[in-house]
Amino acid sequence: MNAPAAGTPETLAVRTRTVAPASAPTFGSRLGAAFAMFRNGKSLTGLAIIGFFVLIALFADVLAPYPPTKVDNARRFEPPSADHWLGTTHIGEDVLSQVIHGTRGVIVVGFLAAAIATVIAIAVGVIAGYLRGWKSESLSALTNVFLVIPGLPLIIIVASMFEEPPLWVIAAVLGITGWAWGARVLRAQTMSLRNRDFIQAARANGEPLRRIVTVEMLPNLMALIAASFVGTVTAAILGLTTLSYIGVIPVTTYNWGTILNWASAQGAFRQNQWWWYLPPGLCIALIGVALSLVNFGIDEYVNPRLRSAGERARALRKKGIDVNDAVTAVRSIPARTTTPDDELAQNPSR
Amino acid sequence: MTVLDVSHVTKIYNVRGAGQIRALDDVSFTLRSGQTIGLVGQSGSGKSTIAKILTQLETPTTGEVLLDGKPVPRRGRGLREYRQRLRMVFQDPFASLNPYHSIGYHIERPLRLDGVVPAAEIDAEVRRLLERVRLTPDAVIDRRPHELSGGQRQRVAIARALASRPSLLVADEPVSMLDVSIRLGVLNLLADLQREEGLGVLYITHDLATARHFSDEIIVLNQGLIVERGSADDVILRPQDPYTKELRAASPDPEKHFASASGILGGAQ
Amino acid sequence: MTAIAPIPTGETHDDALVVGTTATRAVKGHARVPWRFLGSRALFYLFTLWAALTINFFLPRMMKGDAVDQYLARNRNVSPEAAEALRALLGLDTDKTLWQQYLDYWGLLLRGDLGVSLLHGLRPVTEVIAQALPWTIGLVGFATIVSFAIGTIGGAVIGWRRGSRLDALVPITTFLGTIPYFWLGLLAIAVFSVNLEWFPIGKAYGVGSKPELSLEFIGEVIHHGTLPALTIIIASLGGWMLGMRNMMLTVLDEDYITVAQAKGMPNRRVLWGYAARNAVLPQIQSFALSIGFIVGGTIVMEMVFSYPGVGKLLLDATNAKDYALMQGVFLILTISVLVANIIADIAYAFLDPRTRQTEA
């Protein structure tokens, strides 16, 4: 900073200091900043588990010890053994291989359905939030209609109309019935964003609409979109497995739900063949937990109060104070050796 | 010489189920380049509404805004040209910058949108603008808004507003969210820029003292109505309207209160 | 020319609340009772009802034509009136225009005629559904209310005692919620019914019993219903608890809580009268939104436990390709969801003083 221009008060000259030039942000650091919401313990754990399942889905053919449909009538209903780590089914198929191959259907449908749903949610939600008047209201009404109409019965009826729906059809049906929640949340957030000054400034500067939405607004909505996507994956996976278990989705497609369908139909639950019905269910639960963890991580990033509230209370309790106490204890502080003015002279700021 | 006429502008808002609110009532004034008008009033008086109408973020219910005698176009090329000539500095230095973009980006956008300089010279122009608002370009160009102080951010906002080389500037309470110790610095910067560029500035504020320091003419707004106008000194030192008198009386005066507090402070300075 | 966002002349930017103006000089004002809010909601629900019924109209017509023809061909002893109704409902009147079919469909609906159910011996669909509906509403309604109450109160306490060991309850209950519900139900049966034999395996009452209003029968119903109800409660508890806890944490950060405490108000009052009271409002909204999902859970539960409610009815109808019954059940389910939403909206309108105030 140079000599103060005529008229600026002296204090301004004293307080300013040169700021070290920042290095230009590299692509790596920008990417890191974009994914900051994932950089905490919960999210990373969740992502690791999901990554594990994705790998299994990719390499199912290599990893599975037996073809999943290989019948072996000599070894039926066997509990886990060295040959069959998770035992066998009613016709001697290897349960472990079935579970491994089942991962593929779950991952593909889960993520594809969530992708479809999220794209629709962004399109409807952000546009509904940015526009005003009857256009916004009608998009909002459309969203609410999809939200209120019960999804599972609709999917059951629609799915029953197909003979042997391919995976992408199932994913599309799940996606089309599942976008409404994300759209509603995005609309609310976009509406509040829209009134922020930097959006007004962009409009006043004549920025075209498409740039305002894509370049100005979307980065600020990223956390919400990520959370919505993760939540939809959970819902899609649960929906897929439930529908497969019910039998609405034909049993020729492989996923953990169909395994449970067979297990249940063959009375595994009544005959305590736990090796058949526990692993698929546990896998669904595990991937559900992983997705929830990722969402918790995003939640805490977006709303720091959630993260720090518990920590603050614990820290206070160590000092013997209950965070809900109305009266704060007063303590004696050791005398300071420097006065505040001295400190300021040593550390000029701004 | 650019002349902006605000002509009998009225703005009425509808509140669903609760009637109407008259934010502005038959407001008229003229802003010329090279001149500063201070628009003074308390919160709720309609000051921000004027700013929004002038930047075309809102439209008046009745009345119109004329630039050089012609009504401001609502769309297209004409609107774009109007926007290039009238720019706004917002009140909240943090909210008016997008947290995701760097400072350099913020200044670059208006340059690209309005084609003020050829593409090859944009970087140099960005640096020049930052220097004009007395920031060190290397220090701030690649930073994000949250890494700067309030005063620095407001300077960036001013640089952004100047990028398109406007003739008119609307400053909506530009210093009210800054620390008191740096307000004068930013206001003096605005005054210098106004003088050097020959800008017409509409300085919106609730603070009488800075309004007098900074403006040639003052307009006092109360609940959407203009209650007094005149030269800065006239309005502040010789107010006619009862509301203006009240405003002035409400301003803190160190001498007036010191006399009664001296007993408590024990005479300390 | 780039697409600058112009302000179209037709669009009004005069909504004060949307724009966020601080202007205060009111020109006209009129005080009202909160009918506007409820009125607009009612309009929305009517629209949704219409949309649902129209979807319902198109569903069978989207199926492959021969499926529906086979349906009628299979069942010759359908009376002529019933056959007529089925044709109108299922879209077999190809000689009539689509619009005429639509009008016929509405005519039937308004008369309360939903066709006959092939699966259930040609009894009217309305009768079949009416028999199953009370079971569903009784069990699921009870379980949902209990789950909501426990979850909300629990979430409030956990939020209040933040940082304590109670915090561990949140991931536990959330985990229970991410377990696929049908699996949880099956496990419950495996453990409690098959192994421990504490509860019967399924159904609402014993095989030989007939429904009657005797103490013994009611006892049987409760015995059979405990396991399904418990599984629903455990599975949905996590969601309510998490939502309430998060809202509590946000509310407790607010200054008015600190003021209340500084005033010397007893903690109990601050917790329940101030914090929980404000945190519960979004909970009610999410309750309204989750009713659709609750319905989905019902279907699964009834299948797992062979519970004779409308969910099981839907599944049986789907498997047997009883289209009239399918259509009827979907209709009833949608209407139930809408009714529940309306009740939740009314509750919200009266609980949130802001909706009452903007009208006044």
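A: Two strands pair if DSSP finds at least two bridges between them. The model is predicted, with local features needing pLDDT of at least 70 and side-chain atom pairs counting only at pLDDT 80 or more, while totals for chains, interfaces and linings use all residues. Residues are numbered from 1 along each chain as its sequence is written, and chains are lettered from A and ligands numbered from 1 in the order in which they are written.

In chain B, an open sheet of four strands runs in the order S2-S1-S4-S5 with antiparallel pairing (strands are DSSP runs of E, at least two residues, and helices runs of H or I, at least four, numbered from the N terminus). Its edges are S2 (19-32) and S5 (70-71) of chain B, each of which pairs on one side only. Within the sheet, S1 (residues 3-15) and S4 (residues 62-67) of chain B are joined in the antiparallel sense by five bridges, and Val6(B) stands opposite Val65(B) in S4(B). Across S1, S2 and S4 of chain B lies helix H1 (residues 47-54) of that chain, running at about 65° to S2(B) (axes are lines fitted to C-alpha atoms, for helices over the stretch in contact, and angles run from 0 to 180 degrees between N-to-C directions).

Turning to chain A, helix H7 (residues 151-159) is mostly covered, with seven of its nine residues buried (20 or more other C-beta atoms within 10 Å of the residue's own, C-beta atoms being placed from the backbone). Among these buried residues are Gly151(A), Leu152(A) and Pro153(A).

How values were computed:
Buried ≥ 20, exposed ≤ 12 C-beta atoms within 10 Å, placed from the backbone. Contact = placed C-beta atoms within 7 Å.
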